[in-house]
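I opened this model to look up backbone angles, strand pairing and charged contacts, and I kept short notes as I went.

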Amino acid sequence: MVLPDTPHLYFAGNCDAFATDLIQDEDHKIECRLVCVPSFAETGTAVLVNLETLEANEIRVEDPGV
């Protein structure tokens with residue numbers, strides 16, 4: 001898969017665990033927040049992303065009802 005432009009936010013679902021990283025180009029002009037989101041049904045984890053700052057936070061629910 002080739003993306004013609006760098007997105008500001010790129011996420012992947014059904015990952016093993018929550019993870020995030022901020023990738024920047026050499027000039028620090030382009031930023032892309034990478035977010036790995038685990039299965040909510042298995043982990044009770046959701047992710048909130050602030051679209052202004054690209055800060056990502058994990059939210060956990062004790063009993064996802066599985």
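The entries below follow the order in which I looked things up.

**Ground rules.** I am working with a predicted model, in which local features need pLDDT of at least 70 and side-chain atom pairs count only at pLDDT 80 or more, while totals for chains, interfaces and linings use all residues. Residues are numbered from 1 along each chain as its sequence is written, and side-chain values use heavy atoms, with hydrogens and water left out.

**Positive phi.** I looked for this because most residues other than glycine have a negative phi. Asn 14, not a glycine, has a positive phi of about 60°, and I found it in strand 1, residues 9-15 (strands are DSSP runs of E, at least two residues, numbered from the N terminus). Asn 14 counts as exposed at 64% relative accessibility, where exposed means over 50%, buried under 20% and partly exposed in between, with a 1.4 Å probe and protein chains only.

Leu 54 is buried, at 9%. Six residues separate the two strands of this hairpin, which pair in the antiparallel sense over five bridges (pairing requires that DSSP finds at least two bridges). I noted that Val 47 has Glu 58 of strand 5 as its bridge partner.

**Charged contact.** I found one salt bridge in the structure, defined as a side-chain nitrogen of Lys or Arg within 4 Å of a carboxyl oxygen of Asp or Glu. This salt bridge joins Arg 60 and Glu 58 at 3.1 Å, N to O; Arg 60 is exposed at 60%, and Glu 58 is partly exposed at 34%.

Definitions and conventions
Helix = DSSP H or I, 4+ residues; strand = E, 2+ residues; numbered from the N terminus.
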